[in-house]
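Here is a short briefing on one protein chain. Look over the sequence and the model, then read the points by topic.

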Amino acid sequence: MVTNDRLEEKYCPVKRFTHILGGKWKLPIINAIRKHEPVRFGKLHQLTSGISRKVLSSQLKELEQDGLIVRNQFLEVPPRVEYSLTPPTKKLCPVFNAIEEWTIEIV
């Protein structure tokens, strides 16, 4: 059975966007990856100050499962993992640029 919320999410792009990228950390994580990709976990943790390593790990897994980021694991000792944006997520870069410009204007 399809609920009204599901129908509204399906037909309302803003609601779908909010559902996929909502929460406190997903947009800051994507923005940090955008600016520094490819980026390793430790660097990403530094770039997103205030987030715990556990929450960052969880959010990265969700972003990867949703097809928004790519996790590249290298077979090295010590292990190395890098994160980058998928092509669909790279289409958000102009939006991030516009947000940066807008915040500069209003300050």
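Helices here are DSSP runs of H or I with at least four residues, strands are runs of E with at least two, and both are numbered from the N terminus. By that rule, asparagine 31 is found in helix H3. The model is a predicted one. Its chain has seven helices and three strands.

**Overall layout**

- Along the sequence, the elements follow the pattern α-α-α-β-α-α-β-β-α-α.
- Along the principal axes, the C-alpha atoms fill a box of roughly 50 × 45 × 25 Å.

**The sheet**

- The three strands form an open sheet. Their order is S1-S3-S2, and the pairing is antiparallel.
- Strand S1 (39–40) and strand S2 (69–74) are the edge strands, and each pairs on one side only.
- Six bridges link S2 and strand S3 (residues 80–85) in the antiparallel sense.
- Isoleucine 69 stands opposite leucine 85 in S3. Phenylalanine 74 has arginine 80 in S3 as its bridge partner.
- S2 is joined to S3 by a hairpin through five residues.
- In a regular strand, side chains alternate between the two faces of the sheet.
- Helix H3 lies across S1, S2 and S3. H3 runs at about 100 degrees to S3.

**Cis peptide bonds**

- Most peptide bonds are trans. Two bonds into proline are described here as cis.
- The bond from glutamate 37 to proline 38 is cis, with omega near -10 degrees. Proline 38 sits in the loop between H3 and S1.
- The bond from valine 77 to proline 78 is also cis. Its omega is near -5 degrees. Proline 78 belongs to the loop between S2 and S3.

**H3 against H7**

- Two packed helices are described by the angle between their axes and the distance between the axes.
- Helix H3 (residues 26–36) and helix H7 (residues 93–106) have axes that come within 11 Å. The axes cross at roughly 100 degrees.
- Angles of 65 to 115 degrees count as roughly perpendicular. H3 and H7 are therefore roughly perpendicular to each other.
- H3 brings Leu27, Ile30, Asn31, Arg34 and Lys35 to this contact. H7 brings Cys93, Phe96, Asn97 and Glu100.
- By class, the contact of H3 with H7 has four nonpolar, two polar and three charged residues.
- Which residues does asparagine 31 touch, not counting those up to four places away in sequence? Asparagine 31 touches Phe96 and Glu100.
- Asparagine 31 is 19 residues from glycine 50 in sequence. In space the two are 15 Å apart, C-alpha to C-alpha.

**H3 against H5**

- H3 also packs with helix H5 (residues 53–65), at an angle of about 80 degrees. The axes of H3 and H5 are 10 Å apart.
- The angle makes H3 roughly perpendicular to H5.
- From H3, the residues that meet H5 are Lys26, Ile29, Ile30 and Ile33. From H5, they are Leu56, Gln59, Leu60, Glu62 and Leu63.
- This contact of H3 with H5 has six nonpolar, one polar and two charged residues by class.
- Ile30 takes part in the contact with H7 and in the contact with H5.

**The largest pocket**

- Rolling a probe the size of a water molecule over the atoms shows where empty space is left.
- The largest pocket has a volume of about 150 Å³.
- Its lining is made up of Phe17, Ile20, Leu21, Leu68, Pro88, Thr89, Lys91 and Leu92.
- Helix H2 (13–21) and helix H6 (87–90) each supply at least two residues of the lining.
- Which helix gives the largest share of the lining? That share, three residues, comes from H2.
- By class, the lining has six nonpolar, one polar and one charged residues.

**Leucine 92**

- Leucine 92 is one of the residues that line the largest pocket. Leucine 92 is found in the loop between H6 and H7.
- Neighbours within four places in sequence aside, leucine 92 is in contact with Phe17 and Leu21. Phe17 and Leu21 also line the largest pocket.
- Leucine 92 and glycine 42 are 50 residues apart in sequence. Their C-alpha atoms are 24 Å apart in space.

Conventions: Residues numbered from 1 in each chain as written. Predicted model: local features only at pLDDT ≥ 70, side-chain atom pairs only at ≥ 80, totals over all residues. Heavy atoms only, no water. Axes fitted to C-alpha atoms, helices over the stretch in contact; angles between N-to-C directions. Parallel < 35°, antiparallel > 145°, perpendicular 65-115°, else oblique. Contact = heavy atoms within 4.5 Å. Nonpolar A, V, L, I, M, F, W, Y, C, P; charged D, E, K, R; others polar. 1 Å grid on protein atoms, 1.4 Å probe; cavity = no way out; pocket = protein on both sides within 12 Å on 5 of 7 lines; lining within 4 Å. Points joined across faces, edges and corners; volume = space filled by probe spheres on them. Pairing = 2+ DSSP bridges.
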